[in-house]
Every structure is written in structure tokens, then in C-alpha cells.
Amino acid sequence: MTIAVLSATGAQARAIADRLARDHDVVRLSRAAGAGLSPVDTGSEDDLVRALEGARAVVLTSPLDYRPGVRIGLAERVTRAAERAGVRRLVLNLAAAVPADNPRPVAEDLRQIRAVIQSGATPWTVVQPTAYFDNFLAPWALPAIVGDGVIASPAPADARISYISHASLGDFVAGVIDRPASVGQTYDIGGSEALSGQALADILSAPVGRPLTYQALDLDQFAAGLNAAFGAPTGDDVADIYRHLSERPDALARDTSPWTEIGVEPESAAAWAARQTWRLA
């Protein structure tokens, strides 16, 4: 089967493409040029049609772009292009969870993206992950972990989060893409255990090689930093996700029933941490 993976240079989409490539022919579509990449102008429906022709399935990871209408517009173009190109399966990685009781604008935006895919003619599956272990390797997180022994995160310390790895996301998408029973299904997925901030720190302490403590970031400062880096209202919208966790500490806790249904197992915090290199470059 030929599968097209959009935004293939992003960390999530790249993990999905790498996993699918074990069993399928994968076309890695990207606006950026590079080895192994096929160029596509995602702002052009006609160009998307050209890029998707010959693919039996397409995987769309919703980008982390909070500008008004950008993500919804992309979902609309991909949905129409998939139908025009004769694609038989469309898998949406929403790249975030959408708790039903979250009324904030960022959650409503995600619901609209999902609704666009679900209203299309191409058989669809939606995957809604929680939060990623891999974020703790980012330049804004790793120095504090390695240098100071602190896991700093905007999530409240008492929030129980079923973190997932990028590799496990790839495993899950690979599990659903060939499975007819997953058509028309929306899966809320997380990892194998729901962890508070300090519980996560305790698990990561051994592989990191030092005792770790968890520190919840001030959300107003967190939002201001993101607004300065990416422009408002990006920081406000992202901070809203974590404000909801302050009100609903279990909003990102998940059971493993979707994994059992698909027949794969998510990576644990200990297993993920053990295969990382905990040092600064």
C-alpha cells in the first residue's frame, strides 16, 4: 500500500512515517525541500491532489499553528483533495486531546478540524493523543532536567497525564490504517499509565542519573513567553489547555482500551526514558 504522510518533517508525522515505512511504501510530503521528501504546496488544493494521486491512504497531522483559520483551512483542502485523488483512507492525527468539557477557543478549533475530516467522503479515522514524553527533550526543557534536576512544565503538579511517545503514536497509526473496523472511529489515546508531575520525575530520575523534582510553570508567564516567540494569541491558546487541567486534573488521563482494541501496546515512561541520551549536545 502507498501511504502519503503530510508535514513529514515534523516530529510527530516523521515518527508516523518511519513506522509505516516498515510495512508500506511511504511518500513523505513536505513544504520543505530535502532528501527523501516530496514537495507539496499545502496551500493549494490542486497541488495536494497531485501529491496524493496514487496513494491509497493519507495521514494528516494537524499543525501546531494557532493563527485563526489556518488549521481548519488545511483540513478542508486535504479533505477535498483526498476525495478528488481517490484516496481510500484518511487518518487525522489531531495532535492534541479534546476533552468534551473544555469550552475554550483552542478546544473548539480542534473540534472544527475534526468535524471537517468527519464530514468528508473519504473513510476516516481520528487519533487524539494526550501529551508527549518527547517534549521533555526539547531545548526549553532538557537543560533544566540535566543541569538543575528540574522537570519544568505548564501542567499542574497534581494533573494525572497519560503521556505518550512519538514512537507509540506511530505504532498506533500503523495499527489502525489497515484495520477496516477503525473506519469512522475517534480514538483518545495516551500512554500506559497516568502520572502526576512528581511521579513522572521519580520514574525519570534513574535514567537521567540524578534525583528530579517537578515544577509547574506560572501560566501567565508561560503564555507571555509563547506570545513573544510566536505572536499572540498562540501563548494564550496553549496556556488555556493547561488552565483546563487546573480545573480537571484527570482530563488527560486515559485507559489503555484503544491499544487493546488495535492490538498494540504503548511505551511506558520507564521504557521511553531508558532509550534516551540524557545529556546536552
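Helix H1 is mostly covered, with seven of its ten residues buried. The model described here is predicted. The buried residues of H1 are Gln12, Ala13, Ala15, Ile16, Ala17, Arg19 and Leu20. The elements that cover these residues include strand S1 (2-5), strand S2 (25-30), S4, S5 and H6. The loop between S1 and H1 contains serine 7. Serine 7 is not a glycine, yet has a positive phi of about 55 degrees. With a relative accessible area of 30%, serine 7 is partly exposed, because the partly exposed class lies between the limits of 20% for buried and 50% for exposed.

H1 also takes part in the second largest pocket, giving the most to its lining, with five residues. This pocket has a volume of about 200 Å³. Its lining is made up of 14 residues, and those nearest the centre of the pocket are Ala15, Asp134, His166, Ala167 and Arg275. Ala15 is also one of the buried residues of H1. At least two lining residues come from each of helix H1 (11-20) and helix H6 (166-177). Sorted by class, the lining of the second largest pocket has seven charged, five nonpolar and two polar residues.

Rolling a probe the size of a water molecule over the atoms shows where empty space is left. In the whole structure, one cavity of 30 Å³ or more is found. The largest cavity has a volume of about 30 Å³. The residues that line the largest cavity are Ala155, Pro156, Ala157, Ala159, Ile161, Tyr163, Leu195, Ser196, Gly197 and Tyr214. Eight residues of this lining are nonpolar and two are polar, with no charged residue. In the second largest pocket, by contrast, the lining includes seven charged residues.

Helix H3 (residues 70-85) consists of 16 residues. From its first C-alpha to its last, H3 reaches 22 Å, close to the 22 Å expected at 1.5 Å a residue. The buried residues in H3 are Arg71, Ile72, Gly73, Leu74, Ala75, Val78, Thr79, Ala81, Ala82 and Ala85. They pack against helix H2 (45-52), strand S4 (57-61), strand S5 (89-93) and H4. S4 and S5 are also among the elements that cover the buried residues of H1. Just after H3, glycine 86 takes a positive phi of about 80 degrees.

Two of the buried residues of H3, Ala75 and Thr79, are in contact with isoleucine 117. Isoleucine 117 belongs to helix H4 (residues 105-118). With a relative accessibility of 1%, isoleucine 117 counts as buried, because that class covers values under 20%. Leaving aside residues up to four places away in sequence, isoleucine 117 touches Leu60, Ala75, Thr79, Leu90, Leu92 and Trp124. Leucine 92 is 25 residues from isoleucine 117 along the chain, and the C-alpha atoms of the two are separated by 7.5 Å.

Trp124, one of the residues in contact with isoleucine 117, also touches serine 182. Serine 182 lies in the loop between H6 and strand S8 (186-189). At 0% relative accessibility, serine 182 counts as buried. Not counting residues up to four places away in sequence, the contacts of serine 182 are with Arg89, Trp124, Thr125, Val176 and Tyr187. The side chain of serine 182 also reaches the backbone oxygen of arginine 179, at 2.8 Å.

Further backbone features are found in two other loops. Most residues other than glycine have a negative phi, and most peptide bonds are trans. Alanine 95, in the loop between S5 and H4, has a positive phi of about 65 degrees although it is not a glycine. Alanine 95 counts as buried, at 9% relative accessibility, whereas serine 7 is partly exposed. Alanine 232 and proline 233 are joined by a cis peptide bond, with omega of about 10 degrees. Proline 233 is located in the loop between helix H8 (219-230) and helix H9 (234-247).

Methods:
Residues are numbered from 1 along each chain as its sequence is written. This is a predicted model: local features need pLDDT of at least 70, side-chain atom pairs count only at pLDDT 80 or more; totals for chains, interfaces and linings use all residues. Side-chain values use heavy atoms; hydrogens and water are left out. On a 1 Å grid over the protein atoms alone, a cavity is a set of points where a 1.4 Å probe fits but cannot get out, and a pocket is an open set with protein on both sides within 12 Å along at least five of seven lines; lining residues have an atom within 4 Å of a point. Grid points are joined across faces, edges and corners, and a volume is the space filled by probe spheres set on the points. Helices (H or I, at least four residues) and strands (E, at least two) are DSSP runs, numbered from the N terminus. Ala, Val, Leu, Ile, Met, Phe, Trp, Tyr, Cys and Pro count as nonpolar, Asp, Glu, Lys and Arg as charged, and the others, Gly among them, as polar. Buried means under 20% relative accessible area, exposed over 50%, partly exposed in between (1.4 Å probe, protein chains only). Contact means heavy atoms within 4.5 Å. The expected span of a helix is 1.5 Å times one less than its number of residues. A polar contact is a pair of N or O atoms within 3.5 Å; within protein, one must be able to donate a hydrogen and the other to accept it, and residues adjacent in sequence count only if both atoms are side-chain atoms.
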